[in-house]
Amino acid sequence: MPGGTDQTLRPFLWRAAKLYPDQEIVSRTHQGIERYTYSEYSDRIAQLANALDEYGIERGDRVGTFCWNHHRHFETYFSVPSIGAQLHTINPLLPDEHIQYIVDNADDQLIFVDPSLAPKLADAATDAPEFDGIDFVVMDDRESDALDATPYEAFIDGHGTTYEWPDLDETQPAGMCYTSGTTGNPKGVEYTQKMLWSHTMMTLTPQGLPMEDDDVVMPVVPMFHVNAWGMPFTATAAAAKHVYPGPSPDPKDLAHLIENEGVTITAGVPTVWLGLMEYVENNDIDLSSLDTLVVGGSAAPESMIRWFDNRGVEVLHAWGMTEMSPIGTVAHLKSELEEEDYETQLDHRAKQGLLIPGLEMRVIDENDEEVAWDGEEFGELWVRGPTVTTEYFKRPDATEEDFEDGWLKTGDVVTVDEEGYIKIVDRAKDVIKSGGEWISSVELENAIMAHEGVSEAAVVGVPHEKWQERPVAFVVPTTAAATETLDEEIMDLLRSEYPKWWLPDAIEYLDEIPKTATGKFSKKDIRDQYSDQSLVEATAPEDAAPDNE
Ligand code: AMP
């Protein structure tokens, strides 16, 4: 095959820089707001490529980043893959042992690190043989006090602003990200040039996260987490203006970037938007530039969608996974639903949504059969397509468990309604199997958290001799809660919505629900620390099975 015909990332940038040389890239850094154009960006990525060559990075080598969202991190996004090397974004929020494991497993040669994260990386690297032979570049124009590292500006300084970009094969690995498993070591996912190219094109469609050249795109989702959902690539393909919110942005920083830079589309996890909502409620902030707010990573609460609707901002609820590059579904409203009333539309928009073009799915129940698309039956979601990996890096054990004939078994348990909208009801490992049927822990948690006396709730399955598992609720009451009557009130609430066999056998009170490094409830820790068979043995009702309903 002649060179240059494969599906690779570089032409997206080539086009953007040629056709839109003056389009802006804006970045909040330690030094304040920095801005330059696509044309200057393109020069700098050539300088970085030359610097990487001189350092000795070769095709197939892995280059790590340990950074927040800013223009220098974005420079690695195009430069590293386009010389044929592989960009490995490392999550700085992971515990040191995971960072050591990841760096060793990926065999990183060089790591780019933010000044504010250098102390954390230095801690992880101290006395850790996994870091032997790895050099550091600090994303700054000066040295770091915490780490022996070359300043980035010195690293690229003096290098040429042109580069002989090689014609790459689309199967060349271009990116890499580890997924933090709830058990065991993190699992590496490699993104080939073709996967990233496909993800860019699939998300650019009207069914994805569509962007145009007059958009101002602000990825709040970290660039260390699956390429900030691919947005830096998609925004470049669209030749949109980029806005990067920098190190640990708080709601005030985000609100002012939206206002001052005219952000039209932004994306992040629900907790980020809850913070922004509170800030906007209490301050005079103009959100009028904002057209679209993408919410993913965990479920978008309906109240959030309503809040933004009232301010003229369309919430797009999206679902994805590290293994999928990552976007899988987006809850766009089908045109046939446009005539429906607001509440019916909201029912659909609050689900995880419709598969983006290019993917296929199956939903498989316990008996290995596909479930009906009726919004009721649930099973595990399987997906496949050009953006979905078919293996974990150097982990045949995990690969065997999670993949079958090119399908990724997502571990998410879902329903699909008649229109094809998926709704996540649980993680496969968290769904509670009682008397041969499944109980959604997430549904029970949401129902319990709707009680005003509850600030957090997690429901886990506790082993039970007769029923296999029974649900137990772990609840953090609010300070104002009347705890004497809380048990009964919660049970009344659940009784009104759910069959008897779904009701928890016990409600236990905690000061705090244990969380994972990404802020999700750690069901594993709850099970390990608190769930004890005696919680259910004493109380399990005789009719704790669907047959007795
Ligand atoms: P990660 O690979 O770390 O991005 O985590 C992927 C997992 O996050 C998925 O398998 C889901 O369990 C969860 N997730 C992602 N997006 C959503 C969403 N919109 N609603 C509920 N869960 C989500």
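These notebook entries record what I looked up in this structure, which is a predicted model.

**Entry 1. The ligand**

I began with the residues around the ligand. The shell consists of 16 residues, and the closest are H317, A318, T322, Q352 and D412. I then sorted the shell by class and recorded five nonpolar, eight polar and three charged residues.

Strand 14 gives the largest share, with four residues.

I also looked up individual atom pairs between protein and ligand. A polar side-chain atom of H317 is 2.9 Å from a nitrogen atom of the ligand. For R427, a polar side-chain atom is 3.0 Å from an oxygen atom of the ligand. A299 takes part through its backbone: an N or O atom there is 3.2 Å from a nitrogen atom of the ligand. I noted the cover as well: the ligand taken alone exposes 500 Å², and the protein buries 87% of that.

**Entry 2. The second largest pocket**

I turned to the second largest pocket and recorded a volume of about 520 Å³. Its lining has 20 residues, of which E376, E377, F378, W438 and W502 are the closest to the centre. Two elements give two or more residues to this lining, namely strand 21 and strand 23, the latter at 437-439.

**Entry 3. The cavity**

I asked how many cavities of 30 Å³ or more a search of the whole structure finds. The search finds one. In general, rolling a probe the size of a water molecule over the atoms shows where empty space is left. The space in the largest cavity is about 40 Å³. Its lining is formed by T29, H30, H70, R72, D114, P115, M139 and P247. I sorted these by class into three nonpolar, three polar and two charged residues.

I traced an open sheet of nine strands and wrote down the order 2-1-11-10-12-13-14-15-16, with mixed pairing. Which strands are the edge strands? They are strand 2 at 32-37 and strand 16 at 354-355, each of which pairs on one side only. Strand 14, which supplies four residues to the ligand shell, is also a member of this sheet.

Strand 1, residues 24-29, and strand 11, residues 241-244, run parallel and are joined by three bridges. Within this pair, V26 has V243 of strand 11 as its bridge partner.

**Entry 4. Backbone geometry**

Most residues other than glycine have a negative phi, and most peptide bonds are trans. The peptide bond from S325 to P326 is cis, with omega near 0°. I located P326 in the loop between strand 14 and strand 15, the latter at 327-330. W229, a residue other than glycine, has a positive phi near 55°. I placed W229 in helix 8, which covers residues 226-229.

Definitions and conventions. Residues are numbered from 1 along each chain as its sequence is written. This is a predicted model: local features need pLDDT of at least 70, side-chain atom pairs count only at pLDDT 80 or more; totals for chains, interfaces and linings use all residues. Side-chain values use heavy atoms; hydrogens and water are left out. On a 1 Å grid over the protein atoms alone, a cavity is a set of points where a 1.4 Å probe fits but cannot get out, and a pocket is an open set with protein on both sides within 12 Å along at least five of seven lines; lining residues have an atom within 4 Å of a point. Grid points are joined across faces, edges and corners, and a volume is the space filled by probe spheres set on the points. Ala, Val, Leu, Ile, Met, Phe, Trp, Tyr, Cys and Pro count as nonpolar, Asp, Glu, Lys and Arg as charged, and the others, Gly among them, as polar. A residue is near a molecule or strand if one of its heavy atoms lies within 4 Å of it. A polar contact is a pair of N or O atoms within 3.5 Å; within protein, one must be able to donate a hydrogen and the other to accept it, and residues adjacent in sequence count only if both atoms are side-chain atoms. Accessible areas come from the Shrake-Rupley method with a 1.4 Å probe; for residues, only the protein chains shown count as cover. Two strands pair if DSSP finds at least two bridges between them.
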